[in-house]
Amino acid sequence: MIARLEEKLESTPDDPAGWMMLARSKLATESKEAAIDALQRGIGHVGTEKAGELQAFLDNLLSNTDL
């Protein structure tokens, strides 16, 4: 599932919901660092007007040391 989502985002990277789903999936199955990487990549692709939710999730991950 994660690999298919990453492939989809390579062809249509302007998808904030897709990046959010990828980050959540990586947090659940891989690591916090993988989720942070996905969010940072997503923010770079979607533009500032669409990045608010991604940035909020990223800020939460960066400030939460329990994850």
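Tutor: A salt bridge here is a side-chain nitrogen of Lys or Arg within 4 Å of a carboxyl oxygen of Asp or Glu. The model is predicted, and the structure holds 6 salt bridges.

One of them joins the side chains of lysine 50 and aspartate 14, at 3.0 Å from N to O. Lysine 50 lies in the loop between α3 (32-46) and α4 (52-63), and aspartate 14 in the loop between α1 and α2, so this pair ties together parts that are 36 residues apart in sequence. Lysine 50 is partly exposed, with a relative accessible area of 36%; aspartate 14 is also partly exposed, at 41%.

Another salt bridge is formed by the side chains of lysine 26 and glutamate 6, with an N to O distance of 3.1 Å. This pair links distant parts of the chain: lysine 26 belongs to helix α2 (residues 16-29) and glutamate 6 to helix α1 (residues 2-11), 20 residues apart. Lysine 26 has a relative accessible area of 8% and therefore counts as buried, the limit being under 20%. Glutamate 6, at 25%, is partly exposed.

Lysine 26 also forms a salt bridge with glutamate 30, where the closest N and O atoms are 3.4 Å apart. Glutamate 30 is partly exposed, with 45% relative accessibility. Through shared partners, salt bridges join Glu6, Lys26, Glu30, Asp37 and Arg41 into one network.

Terms used: Residues are numbered from 1 along each chain as its sequence is written. This is a predicted model: local features need pLDDT of at least 70, side-chain atom pairs count only at pLDDT 80 or more; totals for chains, interfaces and linings use all residues. Side-chain values use heavy atoms; hydrogens and water are left out. Helices (H or I, at least four residues) and strands (E, at least two) are DSSP runs, numbered from the N terminus. Buried means under 20% relative accessible area, exposed over 50%, partly exposed in between (1.4 Å probe, protein chains only).
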